[in-house]
Amino acid sequence: MNNTKVWFITGAARGMGADIARAVLAAGDAVVATGRDPNRVAEAFDRSDNLLPLKLDVTSRADAEAAVRAAVAKFGRIDVLVNNAASFYAGYFEELTPEETERQLAVSLIGPMNVTRAVLPVMRQQHGGHIISISSSAGLAAGFDFVSAYAASKFGVEGWMESLRAEIAPFGINTTIVNPGFFRTELLTDQSTRYAEPSIHDYEDRRKMQLEFWHGQNGKQSGDPAKLTATPRSRSSPIMRS
């Protein structure tokens, strides 16, 4: 592999994950591109010896462990992990079911933990690596209507990553948290967003306004993911915190 780095990217079939993967491949590095549907992941990219598409549902520890084994078998190492896979369960907390809240946490908080837990033994053995977790401005700023479950998952990512940084720094493993604002990442598409079913009359007027806002934002967010992913080796962006 010479000086080629190996990037392991979750949620790489579309959106920001696919954009990051394409930028990494263009820079000459290798990519393990993962997603729940490996065929869809493979279809998102041109065929390349530096690309390994794999099945990975981040809520499955078994999937995470199997994907890491396959990555090491193919490339011999993992230098950079990008925890990008996420979902968005939008709605007032009372109207979100317990199952929906648990699913939000499972995908956006426990999922990155599952994958990181599988990757860490590899990086410790290498005496080096870099773990990047895509968080959100919702993980920094409190008080937004309609995003209580999503914010809880992202605040969790912030606390977990900050503590993890101190734990793994002695092994030469670096960490970075990325806090995008409104980027056109496909998070608001039907494939990624689920809205709570209306169930409480007291929220009706405000719910209508929220739904109009969120539906109207899809594809019109001000942030351009191409600018974020144009220089994947750089950590100079103000939305990245190491």
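This dialogue reads selected features of one predicted model.

Reader: What should I know before starting?

Author: This is a predicted model, in which local features need pLDDT of at least 70 and side-chain atom pairs count only at pLDDT 80 or more, while totals for chains, interfaces and linings use all residues. Residues are numbered from 1 along each chain as its sequence is written, and side-chain values use heavy atoms, with hydrogens and water left out.

Reader: How many helices and strands are there in the chain?

Author: Helices (H or I, at least four residues) and strands (E, at least two) are DSSP runs, numbered from the N terminus. Here the chain has seven helices and nine strands.

Reader: What share of the residues is buried?

Author: Start with the cut-offs. Buried means under 20% relative accessible area, exposed over 50%, and partly exposed in between, with a 1.4 Å probe and protein chains only. Of the 242 residues in the chain, 50% are buried.

Reader: What fraction of contacts joins residues at least 24 apart?

Author: A contact means heavy atoms within 4.5 Å. Take the contacts between residues at least 6 apart in sequence: 70% of them join residues at least 24 apart.

Reader: Now a helix. What span should α6 have?

Author: The expected span of a helix is 1.5 Å times one less than its number of residues. Helix α6 covers residues 204–217, so its 14 residues should span 20 Å; the end C-alpha atoms are 20 Å apart, which agrees.

Reader: Which residues of α6 are buried?

Author: The general idea comes first. An α-helix has 3.6 residues a turn, so residues three or four places apart point the same way. In α6 the buried residues include R207, Q210, W214 and Q217. These cover an arc of only 100° around the axis, so they sit on the same side of α6. The arc is that of the directions from the helix axis to the C-beta atoms. On the other side, D205, K208, M209 and E212 are exposed.

Reader: What covers the buried residues of α6?

Author: The cover includes β5 (88–90) and β8 (193–195).

Reader: How many aromatic pairs does the structure hold?

Author: Rings of Phe, Tyr and Trp (its six-membered ring) pair if their centres lie within 6.5 Å; planes under 30 degrees apart count as stacked, over 60 as edge-to-face and the rest as tilted. The structure holds four such pairs. In one of them, Y92 and F146 have ring centres 5.1 Å apart and planes at 80°, so the pair is edge-to-face. Y92 lies in the loop between β5 and α4 (98–126), and F146 in the loop between β6 (129–134) and α5 (148–168), so the pair ties together parts 54 residues apart in sequence. Y92 is buried at 6% relative accessibility, and F146 is buried at 5%.

Reader: Are Y92 and Y203 stacked or edge-to-face?

Author: Their ring centres are 4.6 Å apart and their planes lie at 20°, so the pair is stacked. Y203 is in the loop between β8 and α6, 111 residues from Y92. Y203 is buried, as is Y92. Y92, F146, Y195 and Y203 form one aromatic cluster.

Reader: Which strands pair with β6?

Author: Two strands pair if DSSP finds at least two bridges between them. Strand β4 (residues 80–83) pairs with β6 in the parallel sense over four bridges. There, V80 stands opposite H130. Strand β7 (residues 173–178) also pairs with β6 in the parallel sense, over six bridges. In β7, I177 is the bridge partner of S133.

Reader: Where are the buried residues of β6?

Author: Check both faces. G129, I131 and S133 are buried on one side, and H130, I132 and I134 on the other. Six of the six residues of β6 are buried.

Reader: How is S153 placed, buried or exposed?

Author: S153 is in helix α5 and counts as buried, at 0% relative accessibility. Leaving aside neighbours within four places in sequence, S153 contacts Q104, L105, S108 and L109.

Reader: What does L51 touch?

Author: L51 belongs to strand β3 (residues 51–55) and is buried at 9% relative accessibility. Not counting residues up to four places away in sequence, L51 touches L25, V31, A33, F45, D46 and F75.
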